[in-house]
Amino acid sequence: MAGTVLAPAPPAPGPGTPAASQGRLRRVLSERRTRFGLLNAAPVVVYLLVLFVYPIFSTLLLSLKGADGGWTLHWYANALQGSNLKVLLTTLRISAETSLLSLVIGFMLAAAVSRLKPLWAGLVMIIVIVPHFISALVRTYGWIILLGEHGVINNALTDLDVPGAPFQMLYNELGVVIGTTSVMLPYTVLLLYAVMKGIDRRLPAAAASMGAGRLTIFRRVYLPMVAPGLVNAGILSFILCLGYYLTPALMGGPKQTMVASLISEQVMKQSQWNGAAALGIILLFLTFAGLLLLRLIKVVGEAAKNRGTS
Amino acid sequence: MIALRSTLTGRIVLAVLSTLVLLFLALPIVLIVVTSFGSDAFGSFPPDSWTLSWYEQLFADGSKWPAALSLSALVASLTTVFSLVLGMTAATALVRSKLPLRSAVYGLVLAPLVIPQVVIALGLFLLFEPAAMLGSPIALALGHTVLASPIAVMILMATLQGIDERLEDAAASMGAGRLTVARRITLPLAMPGMIAAAIFSFITSFDEFFISMFLSSVDTTTLPVQMFNVLQFDVDPSVTAVSALLIAIAVVALVLVAVVRRLGGSGKQEGLLPTEPAMGLSAGSEAS
């Protein structure tokens with residue numbers, strides 16, 4: 001934060017501890033505290049190792065196991081060709097479309113909310129947050145009765161004699177992107193709103209006072225300040241989309257099959273566990289790549305900021 | 001802004017667009033609630049006439065919904081207990097003690113929020129299938145706890161951070177043992193946070209779909225799985241009624257959390273809700 005440079009120095013961390021006896025006491029205390037910490041951390045760590053890490057690890061092993069019991073990359077080769085590869089590319093495409101759309105819409109809404117008075121901003125954020133806590137299945141169902149061939153929108157358009165109505169808005173990519181975007185939108189709005197609220201409003205004002213035009217201020221002052229938030233929100237919603245199942249499965253057609261659907265089909269209908277495991281690990285790998293990218297951008301951004309302030 | 005007054009057109013455009021976005025978020029939900037009371041199932045909005053028959057159908061003889069509802073409630077209750085225990089101990093370890101590898105533990109706890117659910121579900125399937133535990137409420141609850149516990153940990157960490165540690169120290173200095181301090185000082189002060197954590201754990205499990213689908217058997221399905229199975233074939237007015245019920249439960253839960261937090265006097269913290277998963281995600285990426 002550039003603002004902290006001007007902030008008063010934090011108070012000194014208490015009086016020094018000269019006495020050796022006090023040091024020893026502190027060490028004993030810290031050991032006690034360490035034991036206490038380990039004891040309390042144990043349940044969750046054990047739990048997650050057994051029910052989270054181990055299952056993923058066994059998925060990894062399964063994806064590498066051949067029919068004859070030896071090690072093989074056969075399942076990965078299988079996952080990366082033909083119709084499986086197509087599903088993978090579809091997943092990447094729909095995730096990109098969705099995260100881009102929710103980024104644009106989320107940016108707009110967050111920008112508008114950050115200018116509102118606190119009371120109104122609170123009310124708007126309730127409308128953003130409450131849907132987030134309502135089952136995605138329910139919201140998807142809402143979209144289905146809204147967008148269906150005899151759904152609310154098409155019926156209204158037909159009544160108004162709009163040429164071309166009813167439109168096909170379900171069981172195609174349009175439906176999937178609309179539905180998934182509405183699920184991802186709260187994330188992007190929340191992340192962007194947090195960033196925008198933290199922006200020092202005096203900076204755009206200062207730029208204006210020095211004669212910068214509206215567009216210049218937006219491009220040169222505002223955008224660089226919210227850029228980290230934009231990247232963060234974009235990558236996060238992309239990652240969350242990659243493994244998303246519900247909305248694409250219910251609102252998409254055969255051309256919108258995503259990896260999660262393929263995996264569940266291979267497990268439930270074809271008992272093709274190894275192939276499903278390989279697809280899952282590929283998904284995991286893509287997620288890690290995205291998280292790594294987030295981390296990298298953050299480190300680079302901080303380095304740039306440090307250069308800028310020093 | 002001081003020097004940067006937005007133009008009138010700019011403000012109008014932004015207001016209209018924002019209203020559209022809010023409609024985009026709220027419309028599907030409002031539609032379900034209204035349609036669930038309409039006599040003609042779907043398609044016309046607002047409905048021509050009103051009825052409660054879809055709700056009556058849910059509980060009619062031979063309906064599959066009550067069984068699914070009670071399984072979901074059972075699983076959600078178990079999940080709540082599991083994730084409260086894990087959440088309270090983990091939050092204590094992360095906030096109130098010196099923990100070696102603290103950031104690793106924190107990263108592990110939050111990891112389930114960013115790992116694709118299909119991967120978690122597949123892993124759990126591979127774990128429980130050989131044990132012949134598919135469809136068992138315990139297996140479902142153990143699976144849901146993987147997703148619910150990170151949320152509980154985040155809420156309870158915030159709660160513990162908000163409690164003045166000197167109160168605990170004071171009690172301890174006057175001779176209270178560790179258990180007494182926990183029971184008489186920490187627990188009462190942490191109660192609003194624990195209730196919030198319990199409510200969010202319950203809702204997380206109650207609405208959870210993907211892990212349930214992998215861990216369900218043919219004759220034991222949770223409410224969301226049952227809904228999905230029906231929806232795959234057709235839109236069904238009884239699903240509208242179930243959806244409206246789920247909306248009502250979520251809204252009631254959120255109101256409850258808000259009330260508890262207000263009564264608990266933690267009004268200092270910003271916002272209506274303790275933690276948003278989105279915020280947790282960004283925190284998770286920071287901690288890893």
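This is a predicted model: local features need pLDDT of at least 70, side-chain atom pairs count only at pLDDT 80 or more; totals for chains, interfaces and linings use all residues.
On the side of chain A that touches chain B, the greatest contribution comes from helix α1 (residues 20-63) of chain A, which provides 23 residues.

The extent of the interface can be described both by residues and by area. The contact draws 93 residues from chain A and 96 residues from chain B. The size of an interface is often expressed as the accessible area that is lost when the parts come together. For chain A and chain B the buried area is about 8,300 Å², and carbon and sulfur atoms account for 82% of it. Within the area that chain A buries against chain B, A:Y47, A:F133 and A:Y141 supply 9%, which is more than any other three residues supply.

Turning to chain B itself, the chain contains 12 helices and 0 strands, so that, given the way helices and strands are assigned, its pattern along the sequence reads α-α-α-α-α-α-α-α-α-α-α-α. Of the 288 residues of chain B, 52% count as buried. Among the contacts in chain B between residues at least 6 apart in sequence, 70% join residues that are at least 24 apart. The accessible surface of chain B amounts to about 12,600 Å², and 67% of this surface belongs to carbon and sulfur atoms.

Two residues of chain A were examined individually. A:N172 is located in the loop between α6 (152-159) and α7 (173-197) of chain A, where its side chain reaches the backbone oxygen of A:Q168 at 3.0 Å and the backbone nitrogen of A:G175 at 3.1 Å. When residues up to four places away in sequence are not counted, A:N172 touches A:M251, A:G252, A:G253 and A:Q256. A:A96, by contrast, lies in helix α3 (residues 82-114) of chain A. A:A96 is classed as partly exposed because its relative accessible area is 35%, a value that falls between the 20% under which a residue counts as buried and the 50% over which a residue counts as exposed. A:A96 and A:I56 are 40 residues apart in sequence, and their C-alpha atoms are 26 Å apart in space.

Definitions and conventions: Residues are numbered from 1 along each chain as its sequence is written. Chains are lettered from A and ligands numbered from 1 in the order in which they are written. Side-chain values use heavy atoms; hydrogens and water are left out. Contact means heavy atoms within 4.5 Å. Buried area is the accessible area (1.4 Å probe) that two parts lose on being put together, summed over both. Helices (H or I, at least four residues) and strands (E, at least two) are DSSP runs, numbered from the N terminus. A polar contact is a pair of N or O atoms within 3.5 Å; within protein, one must be able to donate a hydrogen and the other to accept it, and residues adjacent in sequence count only if both atoms are side-chain atoms. Buried means under 20% relative accessible area, exposed over 50%, partly exposed in between (1.4 Å probe, protein chains only). Accessible areas come from the Shrake-Rupley method with a 1.4 Å probe; for residues, only the protein chains shown count as cover.
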